[in-house]
Amino acid sequence: MSERVYNVLFLCTGNSARSILGEAILNHVGQGRFRAYSAGSTPKGAVHPLTLESLAKVGIPTEGLRSKAWDEFAAPGAPKMDFIFTVCDNAAGETCPIWPGQPMTAHWGIEDPAAVDGSEFKQRAAFEDALRYLRNRIGAFINLPIASIDRMALNSKLEGIGAMDGTTTKSSNVA
């Protein structure tokens with residue numbers, strides 16, 4: 001019998017950096033146990049070039065990544081999500097669509113590397129930091145005993161992951 005595949009949606013406002021990083025990282029390291037997606041409430045329409053560069057630099061595939069609206073995942077026929085993680089504080093505070101199937105949710109806030117002004121070095125460093133924080137959180141997530149842990153304990157673990165290094169907020173209120 002094959003192991004269940006869990007669908008995970010990473011949400012942010014613009015869907016050009018952090019949520020795209022989450023999608024790409026989880027699809028790369030999820031060992032076929034997870035299928036990750038990303039979306040935004042007001043998507044930029046394009047993936048930030050430094051997002052793609054940062055992923056490629058560490059050997060994570062970037063093919064097929066695109067900026068998209070979260071409505072795509074609330075529509076009929078969309079994949080049913082098991083987990084939804086907001087990675088920006090704005091998206092965590094917005095009214096989200098009603099997600100079919102009552103997915104587990106958590107807020108994993110990380111500073112927006114696309115909002116960093118300054119030198120090229122400073123901007124690249126911000127993307128590398130966001131990638132590292134998300135890799136660490138996703139590494140903790142994929143090692144949870146999801147199939148054998150009760151919902152309340154799993155929720156507590158997901159909130160704890162959101163409080164790991166690099167968090168932007170201590171709040172865990174997610175739609």
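Because the model is predicted, local features need pLDDT of at least 70 and side-chain atom pairs count only at pLDDT 80 or more, while totals for chains, interfaces and linings use all residues. Residues are numbered from 1 along each chain as its sequence is written, and side-chain values use heavy atoms, with hydrogens and water left out.

Arginine 132 and aspartate 129 both lie in helix H4, three residues apart, or about one turn of the helix; helices (H or I, at least four residues) and strands (E, at least two) are DSSP runs numbered from the N terminus. An α-helix has 3.6 residues a turn, so residues three or four places apart point the same way. Arginine 132 is partly exposed, with a relative accessible area of 38%, and aspartate 129 is likewise partly exposed, at 30% (buried means under 20% relative accessible area, exposed over 50%, and partly exposed in between, with a 1.4 Å probe and protein chains only).

The structure holds nine salt bridges. One of them joins the side chains of lysine 68 and glutamate 23, at 3.5 Å from N to O. This pair links distant parts of the chain, with lysine 68 in the loop between helix H2 (49–57) and strand E3 (83–86) and glutamate 23 in helix H1 (residues 18–29), 45 residues apart. Lysine 68 counts as buried at 6% relative accessibility, and glutamate 23 is buried with a relative accessible area of 6%.

A further salt bridge is formed by arginine 124 and glutamate 53, whose closest N and O atoms are 1.7 Å apart. Arginine 124 lies in helix H4 (residues 120–142) and glutamate 53 in helix H2, so the pair ties together parts that are 71 residues apart in sequence. Arginine 124 is partly exposed, with a relative accessible area of 26%, as is glutamate 53, at 38%.

Four strands form an open sheet in the order E2-E1-E3-E4, with parallel pairing, two strands being paired if DSSP finds at least two bridges between them. Strand E2 (34–40) and strand E4 (104–107) stand at the edges with a single partner strand each, so one side of each is left without a neighbour in the sheet. Strand E1 (residues 6–12) pairs with E3 in the parallel sense over four bridges, and phenylalanine 10 stands opposite phenylalanine 85 in E3.

Helix H1 lies across E1 and E2, running at about 170 degrees to E2; axes are lines fitted to C-alpha atoms, for helices over the stretch in contact, and angles run from 0 to 180 degrees between N-to-C directions. Helix H5 (residues 151–162) packs on the sheet, touching E3 and E4, and its direction makes about 25 degrees with that of E4.

Helix H1 is mostly covered, nine of its 12 residues being buried, among them Arg18, Gly22, Glu23 and Leu26. What covers the buried residues of H1 includes E1, E2, H2 and H4, where contact means heavy atoms within 4.5 Å. Just after H1, glutamine 31 takes a positive phi of about 55 degrees.

Conventions: A salt bridge is a side-chain nitrogen of Lys or Arg within 4 Å of a carboxyl oxygen of Asp or Glu.
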